[in-house]
Protein chains: 2
Amino acid sequence: MTSRRYAIIGTGAVGGYYGTCLQRGGAEVHFLLHSDYDHVAQYGLVVESVAGDFALPQVQAHRSTATMPTVDVVIAALKTTHNGLLPELLSPILGPETAILTLQNGFGIEDELAAWMGADRAIFGGLCIICANKVGPGTVRHIDYGNLLLGQYRRDRQPAGISPQLEAIGQDFRAGQVAVELVSDLRLARWRKLVWNIPFNGLSVVMNATTTEMMADPNIRQLAEQLMVEVLEAAQRDGELISPGQGRHLPKEIVAHMLAHTEQMAPYRTSMKIDFDEGRPLEVEAIYGNPIRAAQAAEAAVPKIEMLYHQLKAIDRRQSKSLS
Amino acid sequence: MTSRRYAIIGTGAVGGYYGTCLQRGGAEVHFLLHSDYDHVAQYGLVVESVAGDFALPQVQAHRSTATMPTVDVVIAALKTTHNGLLPELLSPILGPETAILTLQNGFGIEDELAAWMGADRAIFGGLCIICANKVGPGTVRHIDYGNLLLGQYRRDRQPAGISPQLEAIGQDFRAGQVAVELVSDLRLARWRKLVWNIPFNGLSVVMNATTTEMMADPNIRQLAEQLMVEVLEAAQRDGELISPGQGRHLPKEIVAHMLAHTEQMAPYRTSMKIDFDEGRPLEVEAIYGNPIRAAQAAEAAVPKIEMLYHQLKAIDRRQSKSLS
């Protein structure tokens, strides 16, 4: 079986890491770059990894999608705050069979993609369980984890199962030494990832703290736990909309499990904290606004998530004003 | 009718302002001072007021309650975080008939005083509707408002009505040109004041903002409103514990009313924000912990107040660590 041709839209920490893995596994990968273009075109990409550093001295770097060929899979790895650019960015590289895989944070991204992609386009979502930051031009520091959950999106929000196309994409990542788990219910996996992202991304900005500092404070730890429980409840009710009496069940134990994991992690600045520290827009709608609206549609009460949303919107607004 | 003899325990913004008013009205007032003692003993007290500046060149200043006579009314006006000192501070000045009036912020302070004062001691509470800050030794800047709600505490939490003793104390303040309102249900008045204090004190610290900045942000404004509604609900349920089916009713309109007032106020740093900026302990238990416990006892859900409590506890803990 030959591997597919990929385009990485947004070569930051996530796009750089997983794109490098795909190429290392033998796939043809085209990287879209902006400020790093010159550096990457000349020197390639480097991943400084806990699992051993690796480098790709030569990659197919592009300043624009106009110079890319049509690809089999487009990987969206830019910040969700820039998703308005996607229709224009993707038009040169979409063939009739091209699939979209979003590796972006948050919730409801696939719904937004589906809204302008037409009914027949295959859309996949990937959840990157990874601590990684871009630390310089073409250079990603991979701190911890790295596994990838892949699932297929269905417009009716039912579990999509595992298609041969999903299997094939998973195989390309595995060839690049990524631990891949295929999931039949992408929306459930998205909720599951929010169990971590909702408390720690937002609180790291509002409380100005690393994961280690948050876990060391008994009140922040308790608050993180309460936020996690709200996510579980929202997921459950969201699932009951499509399968009454059943829900999208996430076992209560994952709360204690994730807290324990976070406690053992090296001190970590979350992606939202890094965005904040670097003066970039925060992904408030993807990580908070969309899940809150889904919770409201399912009549789940998420008051603490709402409060965090309001605080983050105010912080994001203040920052955008002070920078403008 | 002769006026009573007062001791002001804690001559900060509140103690300084209202003590000065009492003396101006003809009462005998003894001021307990700490760092400002030398200055005040020599120059007296000054209030720079929106209603016209006034000064008392001579006051009865004390370094210790040991030099004070027994008084008719002790006014507790120190930060609630120092209330552990009160039993020792008050012992030299308490006669058998001495009453206590706490002008402190928050909730449940009278319960704490009652716990060590014995069953017969009259305890009053005063709610200071005032924007005032201490701006220098013996100098209070009075920015806005200034009225005082006075009520009597009852150990069974029933409304105490308006006793002759309460009337007499109110008269002493009125003589000093304070607009006094006597309230029959002190606990209801405390809840009412929390409707403002709970959103704006806490959010001013967590969001690092003045009242004007908070009101100008649509998300913070909405969050303030939601916090206010939680306080109304808690007050209602708290009242139902003592008068089932009735509750401690605060009309919904006060939310819009307080928001509009806050919008029109001069930009104001809340008392908690000033404490934070000056590295002092925050009154988190008085303003948040005690009301939350009362709400829980009454089975009222106050999730956003709880979240603010956790955030403030963490901020207070971090500050106390960085200063120690």
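Two residues count as in contact here if their C-beta atoms, placed from the backbone, lie within 7 Å. Keep that in mind for the views below, which come from a predicted model.

**View 1. Val74(A) and its contacts in the core.** Start with Val74(A), and skip its neighbours within four places in sequence. What is left is a set of contacts with Ala7(A), Ile9(A), Leu90(A), Ile93(A), Thr98(A), Ile100(A) and Leu101(A). The largest nonpolar core holds 208 residues. Val74(A), Ile75(A), Val74(B) and Ile75(B) are the ones that touch the most other members of that core.

**View 2. Chain A as a whole.** Step back for a moment and you can count 12 helices and 10 strands in chain A. Its C-alpha trace spans about 50 × 40 × 40 Å along the principal axes. A compact globule of 324 residues would have a radius of gyration near 20 Å, and chain A agrees with that at 19 Å. Buried residues come to 50% of the 324 in this chain. Take the contacts in chain A with a separation of 6 or more: 70% of them join residues 24 or more positions apart.

**View 3. Helix H1 of chain A, tucked in.** Here is H1(A), made of 12 residues, 13–24. From its first C-alpha to its last it reaches 16 Å, close to the 16 Å expected at 1.5 Å a residue. Is this helix buried or exposed? Of its 12 residues, 11 are buried, so H1(A) is largely enclosed by the rest of the structure. Among the buried ones are Ala13(A), Tyr17(A), Tyr18(A), Cys21(A) and Leu22(A), along with the glycines Gly15(A), Gly16(A) and Gly19(A). Look just after the helix and you'll find Gly26(A), which takes a positive phi of about 110°.

**View 4. Where chain A meets chain B.** Each chain puts 15 residues into this contact. On the side of chain A that touches chain B, helix H8 (218–242) and helix H12 (303–323) each supply at least two residues. Which of chain A's elements gives the most? That's H12(A), with eight residues. Sort the residues on this side by type and you get seven nonpolar, four polar and four charged.

**View 5. The two copies, one laid on the other.**

**View 6. Two exposed residues of chain B.** First up is Glu278(B), in the loop between helix H10 (271–277) and helix H11 (284–297) of chain B. With 7 other C-beta atoms within 10 Å, Glu278(B) is exposed, because a residue with 12 or fewer such neighbours counts that way. Its C-alpha atom is separated by 32 Å from that of Ala235(B), a residue 43 positions away along the chain. Then there's Ala297(B), which is found in helix H11 of chain B. Ala297(B) also counts as exposed, with 12 C-beta neighbours inside 10 Å. Between Ala297(B) and Leu241(B) there are 8.9 Å in space, C-alpha to C-alpha, though the two are 56 residues apart in sequence.

Terms used: Residues numbered from 1 in each chain as written. Chains lettered and ligands numbered in written order. Predicted model: local features only at pLDDT ≥ 70, side-chain atom pairs only at ≥ 80, totals over all residues. Helix = DSSP H or I, 4+ residues; strand = E, 2+ residues; numbered from the N terminus. Nonpolar A, V, L, I, M, F, W, Y, C, P; charged D, E, K, R; others polar. Core = buried A, V, L, I, M, F, W, Y, C linked by C-beta atoms within 7 Å. Buried ≥ 20, exposed ≤ 12 C-beta atoms within 10 Å, placed from the backbone. Expected span 1.5 Å × (residues − 1). Rg over C-alpha atoms; globule rule 2.2 N^0.38 Å.
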